[in-house]
Amino acid sequence: MSQPTPLPETDDALRVEDYFRDGSVPEEALLWWQLERQEALLAAQRALFGGPAPLVRLRVWVFFELMALRESRLTREALNQAFHVLRDEALDNVLKRLREADLLAWDATAQTYAVTPLAQQLVGILQPLTQEQAPDGDLASLLAGVAGAHQLGTLQPAQLQHLLAQLSRLYDEFADAIASGSEFALRRARTRFEKALTLVDRAGEALGAIIAQAESAGEARLERLARELGLAQARLLAMASQFNRALQQADRQRVTLGSTGITTTDVRRWLQSQGDLATLLNGAWERPVHPVLVAQRDLVDTAEAEFERDRPKPSEAAALPQGQAAPTGELAVMQLPPDMDQMQALLAAWSAEPIERDLTPAILGGSYARAAYRAQLLPLLGDAQARHLKGATGDMARQPWSVRWSAEQGPVDDEFVKWMSRGVLTPDTSSS
């Protein structure tokens, strides 16, 4: 068996091809091609972040302070005044590193420094370093980047891909919290879940605009990713009911200690508020243990007395009571709501003139609960498995109509529903 070729130990002999099995880079990969085009930006980041941690922090601080200066041309005297707290040799080393990374340009004729376009691009990437990181800052920054890029017309599919991956990770994190059954884990996850829903809801309008723009521009990949984001948003919205059920289950499992009204949740919350649990044992070790020793004869005497003591006589078996005639009654048969029959009658009437119809007359009317029930019946239209069933469900599935929802939403003229998604019913010619 051949031994693997060791990797080079020095930077001069190191090649990126040496990390791949076949000795060649994946040039057909889009991400690899994009990284190759940003070689200057990668080199600038290596120059800024290479080395010990204190030196990296010093370079980043000087870099941000330089980018905040309003002068387009900076003399060495101006730099010495701006960084008067730094030693001269430290400032020289940082400025030299920035010049070598092409983040600062030196004009030998005018004896001035100038910020390069590469530095302006890099400061946009490093801007989160100067912002306070919130618990939901990861999702907020991604949503802000997507919404801002859409407004500026610079949105790329990779930004939507990163946002979609983050939403998937959040969904898995919340699902693990629900599966744990821990009340405290559920409440912590519920707080973050509500913040994530608020952020996603605020960006919902931008996502809808992205879908419409990508569809009109013919950008298939961007449209597909935007629609997948809509599905991820719907999955998060559907998880709200799962949180409620899990918290209700945790409430049912809570134990009340005696008649004091104190529950196990209160005890655990109090224990978590204590800084050091070991201090609760102060003084407990000073109490001696008093063992109780019982001889074998004492145990035998106690057992004999227990067997010989008077016990109540068991009650005699009583005869069963005489049979009685059962009272007359009516058998109540559960019936389906009348909305399904009404909707089938409406669809049958529309079938006389098979044209595209708006969903609003088929859903709205009566109350919000009835409208929601009718909306849940629409997926039955054209269902291949339900068509073979007997009864009202099969009749509904065999209707020659199909439903198509739209990402667009708007107000409707109804007493109980003020806002709903747009959609149409189209004749299904394949079922005829």
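## Getting to know the model

Q: Which side chain meets R87 in a salt bridge?
A: Salt bridges here pair a side-chain nitrogen of Lys or Arg with a carboxyl oxygen of Asp or Glu within 4 Å. For R87 the N to O distance is 2.4 Å, and the partner is E89.

Q: What kind of model is this, and how are its residues numbered?
A: Numbering starts from 1 along each chain as its sequence is written, and side-chain values use heavy atoms, leaving out hydrogens and water. Local features need pLDDT of at least 70 and side-chain atom pairs count only at pLDDT 80 or more, while totals for chains, interfaces and linings use all residues, since the model is predicted.

Q: Where is confidence lowest in the protein chain?
A: Confidence is given as pLDDT, the predictor's own score for each residue, from 0 to 100. The chain has a mean of 76, with 84% of its residues at 70 or more. Helix 5 (residues 88–100) has the highest confidence at 86, and the lowest, a mean of 68, belongs to helix 7 (residues 137–152).

Q: Is R87 buried, partly exposed or exposed?
A: Relative accessible area decides this: under 20% is buried, over 50% is exposed, and anything in between is partly exposed (1.4 Å probe, protein chains only). R87 has 58%, so R87 is exposed.

Q: How far apart are the closest N and O atoms of D395 and R398?
A: D395 is partly exposed, at 36%, and R398 is partly exposed too, at 38%. They form a salt bridge, and the distance between those closest atoms is 2.7 Å.

Q: What is the phi of D102 near?
A: D102 sits in the loop between helix 5 and strand 1 (104–107). Most residues other than glycine have a negative phi. D102 isn't glycine, yet its phi is positive, near 65°.

Q: Where does Q111 lie?
A: Q111 is another residue other than glycine with a positive phi, near 55°. It counts as partly exposed because its relative accessibility is 44%. Q111 lies in the loop between strand 1 and strand 2 (112–115).

Q: Which element gives the most residues to the lining of the largest pocket?
A: The largest pocket has a volume of about 920 Å³, and 23 residues line it, with G208, S406, A407, E408 and Q409 nearest its centre. Elements giving two or more residues are helix 9 (183–202), helix 10 (204–217), helix 11 and strand 4 (401–411). (A pocket is an open set of points on a 1 Å grid over the protein atoms alone, where a 1.4 Å probe fits, with protein on both sides within 12 Å along at least five of seven lines; lining residues have an atom within 4 Å of a point.) With eight residues, the top contributor is helix 10.

Definitions and conventions: Helix = DSSP H or I, 4+ residues; strand = E, 2+ residues; numbered from the N terminus. Points joined across faces, edges and corners; volume = space filled by probe spheres on them.
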